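Here's a quick walk through the pockets of this model and the ligand that goes with them. Have a look at the structure first.

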Amino acid sequence: MRTIAVINQKGGVGKTTVTLNLSHALALQGYRVLAIDADPQGHLSMAFGLEDPAGLDRVLQDGARLQDAFSEAGNGLQIVAAGDQLQEVENLNEGGAERGWRLKKALDALEQPFDFVLIDCPPSAGLLGMNAIIAADEMLIPVAGDFLALNGLSRLMRILQGVEARLGSTRKKWIVLSRFVEQRRHAREVRERIREHFAEALLPTTIRETVVLAESPSFGQTIFEYQPRHRAAGDFQQLAADLVAAGAPTTTRPTAAHA
Ligand SMILES: Nc1ncnc2c1ncn2[C@@H]1O[C@H](COP(=O)(O)OP(=O)(O)O)[C@@H](O)[C@H]1O
Ligand SMILES: [Mg+2]
């Protein structure tokens with residue numbers, strides 16, 4: 001089971017869009033996928049067309065079993081909705097360090113493991129983000145090609161390294177350019193800088209900016225339901241293939257050189 005936190009403390013970079021469409025892409029490639037909405041805003045749950053009042057909040061607050069929080073998204077995916085009490089979990093004060101380990105424990109207790117678990121993180125470095133980081137063995141970092149992207153990325157890498165040092169364990173980190181506009185010089189510059197500094201982490205596939213990706217969630221659909229023949233669907237199929245290749249022990253990890 002590969003548990004991947006889709007993480008960036010910056011909002012609007014494409015975390016939810018990537019989690020939504022990447023989980024469906026992996027499911028279409030035959031993998032068993034669980035998508036977890038760890039953002040109290042519940043955008044992922046909504047994008048999957050779920051209006052579940054309960055979900056991850058019960059797991060983290062009351063110790064409910066993860067499988068009791070599953071919802072069927074109707075496309076072969078299992079989803080854990082955020083639940084309307086998730087913000088309260090973020091503000092939880094009792095419990096000490098144990099509070100950060102609840103999601104990991106819930107995943108470890110799953111009776112049937114998945115091939116992939118994707119966690120859509122909130123845009124903050126609070127308790128929910130901590131649960132995601134501790135539970136995951138890989139971090140997928142969407143980066144939008146804007147002016148402040150590099151700044152945010154360096155900061156996030158430092159935060160993650162700090163957490164890893166405290167935990168005494170490291171996680172693989174993948175970067176995906178998530179709202180890429182090839183025609184923008186600045187976006188190309190951001191890509192070059194990331195190649196310079198994080199070549200190992202940068203996945204070869206970029207997700208291009210396109211309005212259909214912004215539209216599909218309002219219909220409660222992934223891109224594969226909304227416009228399966230659109231190039232955006234192809235981008236996500238390729239991103240899924242990148243991640244599969246990145247985890248395969250027998251092949252070399254893809255690098256930006258293949259892009
Ligand atoms: N590749 C893309 N092309 C067009 N719009 C996108 C793309 N990725 C994300 N968006 C839009 O940008 C906004 C922020 O994306 P979202 O995935 O919600 O980011 P986050 O979860 O990091 O806050 C949303 O309105 C979303 O639909
Ligand atoms: Mg989001």
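## The second largest pocket

The second largest pocket has a volume of about 190 Å³, that is, the space filled by probe spheres set on grid points joined across faces, edges and corners. A pocket here is an open set of points on a 1 Å grid over the protein atoms alone, where a 1.4 Å probe fits, with protein on both sides within 12 Å along at least five of seven lines; lining residues have an atom within 4 Å of a point.

Its lining includes Trp101, Met130 and Arg166. Two elements give two or more residues each: α6 (127-135) and α7 (149-167).

## How the model is handled

This is a predicted model, where local features need pLDDT of at least 70, side-chain atom pairs count only at pLDDT 80 or more, and totals for chains, interfaces and linings use all residues. Side-chain values use heavy atoms, leaving out hydrogens and water, residues are numbered from 1 along each chain as written, and chains are lettered from A and ligands numbered from 1 in written order.

The largest pocket holds about 310 Å³ of space, and 20 residues line it. α1 provides the largest share of that lining, four residues.

For polar contacts (N or O pairs within 3.5 Å), one ligand oxygen is 2.7 Å from a polar backbone atom of glycine 12, and a ligand nitrogen is 3.1 Å from a polar backbone atom of serine 178.

Conventions:
A polar contact is a pair of N or O atoms within 3.5 Å; within protein, one must be able to donate a hydrogen and the other to accept it, and residues adjacent in sequence count only if both atoms are side-chain atoms.
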